[in-house]
Each structure stands twice: as C-alpha cells, then as structure tokens.
Amino acid sequence: MTAKTGTLSQFPRSFWVANSMEIFERMGWYGFYAVSSLYLTGAVEDGGLGFSSADRGVIQGLATFFLYLFPAVFGALADRYGYKKMFLASAVVMAPSYIILSMPTGFWPFLGAYFLVAVGHGMFKPVVISTVAKSTNEENGSVGFGIFYMMVNVGGFIGPIVAGIVRGWSWDLVFYASAGWIVMLSIICLLFYKEPPRDSEAESHRPLREVFKGMVEVVGNLRFFILVSGLLVVLVMGSKWWDFSLVGTVGAAWLIGNLLLDVMFRATRTVGPVRPWYLQPMAIGEGRYLLFLLLMAGFWVSFNQIFMTLPEYIRDYVDTSDLIASFGPAAAWFTGIAGSLGFDTTNWSRAVLEHGQVKPEHLINLNAFGIILFQVLVSWLLRKTTPLSSIIIGVSVTIASFGVYLLGMSGWVVVSAILVFSLGEMMASPRSKEYAGRIAPPEKVGMYMGYFYWSVALGNLFGGLLSGLAYQHYGPHGINQPNQMWILFAILAGTTAVSLVIYNRWMMKNGAVKNI
C-alpha cells in the first residue's frame, strides 16, 4: 500500500485535474458515439434517422477522421497560446454543438453538425494528452498513461450508461446529457487547472508562422506535406462521392505526378540560392515515427468496429435472452425493493431493454468496465515491457476476440468477445500514446501528440468506410453471413500485428528502441 501511494504521489496536480476533465470529455463523446450507429440506422418511428449502414459508415468515418486530424493543428496552437485557453475554447465549441446535433434529419445537415462536434473534441485532445506527457517521466510513464487510459474509460463507461437509459424516453436527452458533461468539464478547468511546467515563455514568443512550419517539419517539407494531404483528400472523396476506380486513377496520377516532379527537381539541383518551396524535392521528416503511425492505423481500424459495427450486429443478430435469464432475478429483486419504497417501476425496463432484448450499448459498455477494473494492473504487469512489444501483444489479442464471435450469437458469447478485446486494448492503446510522447522534443510535445492522432484519423476513416460497406454486404440486407465479416476484421488485425513485428525488429536493428 505504501509503495502504491508513493507512486501515485509522484504525479502533480495538473495530472489529476487533466484526468478529471478527460472523464467528462469522454462522457460527452461516448455518450452519443456509443449509440450513434443505432441512432443513424434506427427506424424513424423509433426516433432514429433511418440511414443505410453504408451512409452510417461514411458519417462516422468522415467526422471522426477530421476529429483526429484537428489535434495536429490545435496541439501546435496550444503550445503557442497555452493549454488552459485551448481547454476552455474546446468547451465553448463542444457544448452547443451537441445541442445542434439533435436537430438535423438529413445526411448533409447531420454531417455538418457532427463536424462541429469533431472540431471541439479535436481542440481538447492534444492538450489533455500533452498535460499527461509533461506530468510523467520514463519511470512512472507506464503507470501514468495507464491511469489516464483508465480515466478515459471511466468516462467511456458512464456516458453510454446515461445515454442508454435516457434514450428509452427520448433521443433528445442523449444530446442534452453530452452537452451537460462538457459544461462540467469547463467548470473544473476554470477552478482547478494549472498548466504543467513547460518552456511557456519561449513557446509563447514563437511566431505563429514558425508554429505551423514546425507542424510541417514533423511530416517533412511543404511539398511532401501537400502530397500526403492530397492523398487524404482523395481518400475522403472516395468515401461516398467517387467510385473506387476514380479514386485509384486520381490517387495514382497525383502520386506519380509528384514523384516525376521530384525526379526533375533533383536532376536539376545546383549549388546556389535556395529554391522556393514548390521547386524543392520532397523531404520526409520523422520517417520512423510516420511509419509507426501508419501501422497503428491498422489497429484503430479493428478497434473502431466495437463502436461502429457491433451495435448493429447485436441489434440484428444477437439473442440476449440468456443474459436476461441470468440477471432477471437480480433485476426483479431490485425493482421489488424500489416498488416497496414507493417508486413506480412500470417503465424502468426502458432503461435496459429494447424490443425484449438488452440494449447494444450496455453490452458494448463492458469494454470500458473491464478497462476500469484492470487497466492499472495490466499497465503494472507490463511496466518493464517496451511500448512497441506491448502494442504487438495487444493487437494479437484483438485477433482472438474477433474469433470468439464465430462461436455463436448469444449474449454471453458477445460478452466474452468484448472482454477479450478489452484486454488487447489495455495492452496496446495506452502504450502507443506513451511511445509517441517519449520520442517528441520537449518543446513540441503538443504538436507530436497531435500527429499521433493522425493514425487514429486514418483508422477511423478506413474503419468507418469498411464497417458500413462490410455490414451492408455481409449483414441482413446483404448476403446475411456476418461471420465472414468478423473473419475479415481478424485478418486485418493479423496483418497489423505482423507488420508491427517487422517494424520492431527493424527499429531494434537500428538501435532506435533501446528505451522506448
């Protein structure tokens, strides 16, 4: 007990306040996100929007894609203007955006409102993770990031519980609850948050142009940055508006054209004045880090299926009568006591059941519940394992979780699959953030942590598109073979694990992972 207390006392006040704000931010985000698939594809008469699974995947993929792109910009601005100001600005954007999100019923209006929500959360993310990174060191980093990830899941657990309960009466209450959690976040920031030690004087005097120049330098020079940005634009267009053949043609033309220009610029390069940026050959910045982010995108593709695909799968295929039978006596005992105290329990089943089945969000919430219980323990057990090794083991465990779905379509099978997946997530996700924070220069931690979310952005984009198309094809409106869908997701996770093993060996060969 003494050793544990001593470890926790190493973390400064800013660490604990940031974790508290993270809980409310996650309550706001996951309060809606955990039920978003059900809201978007649910029947209009049940309060949903009636969209197809494919359109649902496009909305989820695009909104979260941009959400995780924004931290690269807002992380740099936070380094320039201060963390507290960025925290408060994010709350000003998030809270009203959730109210607006409850209003649209069409594809474009809803996507636009969801985009505003994404902007607000994109402002918040790099600042909270930077606070944690600056409040920990190599000795307590594993435990610190483990605590942070546990707090993420505290919010991710409470938010969907409240949303699942209140949507039994009105979907509007889901959006009001999310807005309310963000208001609580802003109050905590105003009253308690103090910025962690950093070279704020040097950072605050950096010209804004230098801040954005530093952003580009993480990727490479401006020409390479534009190449990557152009490819991302092509991918976004391919999510709904262009067919695959056009995406391939335009993407190949953009890539080949830039490479040909590069060959020409290198062949004509001479000693003399520095050329304008648009006449310079492309240069890659943190190449090993960027490769790591690309590989981690594969993990996030797999991770997102628990929120994007699984809710629809549970609603359409899973028979939860075994769970109802297991917990029915306890529920009857609880409502019996409440009734004896004078409470009207007639409609209490709305909080948990829908059409005679357990609501999907309550099952999915076991992911966060498992992490709350065991994240610190898992982080402690892996404290002497390098982050990359932990990530590889965690991704491998997620492969097994997809295999569990093949065992049947009962409630307990789904519960088992979710808990196995949670174990893999506990191993991989917090250590990936730790890896990113450790290799960042001290004055650019916010910016580098912002770029970490590019891997999450790609994982959300690909994950959303894949989820929508896969469920449309393998689900009840397609060939009705959902097991093939889980095999596909397992193959993708396996490819990621093998790629990370190769990457780890290459990094060790070059002496780049001695301490990280």
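This is a predicted model: local features need pLDDT of at least 70, side-chain atom pairs count only at pLDDT 80 or more; totals for chains, interfaces and linings use all residues.

Me: Is Glu25 buried or exposed?

Reply: Buried, since its relative accessible area is 0% and the cut-off for buried is under 20%.

Me: Which other salt bridge does Arg26 take part in?

Reply: One with Glu22, at 3.8 Å from N to O. Glu22 and Arg26 sit four residues apart in helix H2, residues 13-41, so about one helical turn separates them.

Me: And how accessible are Glu22 and Arg26?

Reply: Glu22 has a relative accessibility of 4%, so it counts as buried. Arg26 is buried too, at 2%.

Me: How many salt bridges are there?

Reply: The count comes to nine. One of them pairs Glu361 with Arg167, where the closest N and O atoms are 2.5 Å apart.

Me: OK, on to the holes. How many cavities of 30 Å³ or more are there?

Reply: Two. The largest cavity has a volume of about 320 Å³, and 28 residues line it. Closest to its centre are Arg26, Tyr30, Tyr68, Val152 and Phe303, so Arg26 turns up again here, the residue with 2% relative accessible area.

Me: Which elements contribute to the lining of the largest cavity?

Reply: Those giving two or more residues include H2, helix H3 (53-81), helix H5 (107-134) and helix H20 (445-474). By class, the lining has 15 nonpolar, eight polar and five charged residues.

Me: What about the second largest cavity?

Reply: That one holds about 50 Å³ of space. Its lining includes Ser302, Gln305, Phe402, Tyr405 and Trp486. Helix H13 (305-308), helix H18 (387-404) and H19 each supply at least two residues of that lining. The classes there are six nonpolar, three polar and no charged residues.

Me: Switching to pockets: what is the volume of the largest pocket?

Reply: About 990 Å³. It has 26 lining residues, and Phe327, Ala331, Val352, Val358 and His362 lie nearest its centre.

Me: Which helix gives the largest share of that pocket's lining?

Reply: H15, with nine residues. Other helices that each supply at least two include helix H6 (141-166), helix H16 (360-364) and helix H17 (366-381).

Me: And what's the make-up of that lining by class?

Reply: There are 21 nonpolar and five polar residues, and no charged ones.

Me: Last one, the outside. Which residues form the nonpolar patch on the surface?

Reply: Val183, Met184, Ile187, Leu190, Leu191 and Phe192, with about 550 Å² of accessible area together. Leu191 belongs to helix H7, residues 172-192.

Me: Why does Leu191 count as exposed?

Reply: Because its relative accessible area is 57%, and exposed means over 50%.

Definitions and conventions:
Residues are numbered from 1 along each chain as its sequence is written. Side-chain values use heavy atoms; hydrogens and water are left out. Patches are made of residues with over 30% relative accessible area and no salt bridge: like charges are joined within 9 Å, nonpolar side chains (Val, Leu, Ile, Met, Phe, Trp, Tyr) within 5 Å. Accessible areas come from the Shrake-Rupley method with a 1.4 Å probe; for residues, only the protein chains shown count as cover. A salt bridge is a side-chain nitrogen of Lys or Arg within 4 Å of a carboxyl oxygen of Asp or Glu. Buried means under 20% relative accessible area, exposed over 50%, partly exposed in between (1.4 Å probe, protein chains only). On a 1 Å grid over the protein atoms alone, a cavity is a set of points where a 1.4 Å probe fits but cannot get out, and a pocket is an open set with protein on both sides within 12 Å along at least five of seven lines; lining residues have an atom within 4 Å of a point. Grid points are joined across faces, edges and corners, and a volume is the space filled by probe spheres set on the points. Ala, Val, Leu, Ile, Met, Phe, Trp, Tyr, Cys and Pro count as nonpolar, Asp, Glu, Lys and Arg as charged, and the others, Gly among them, as polar.
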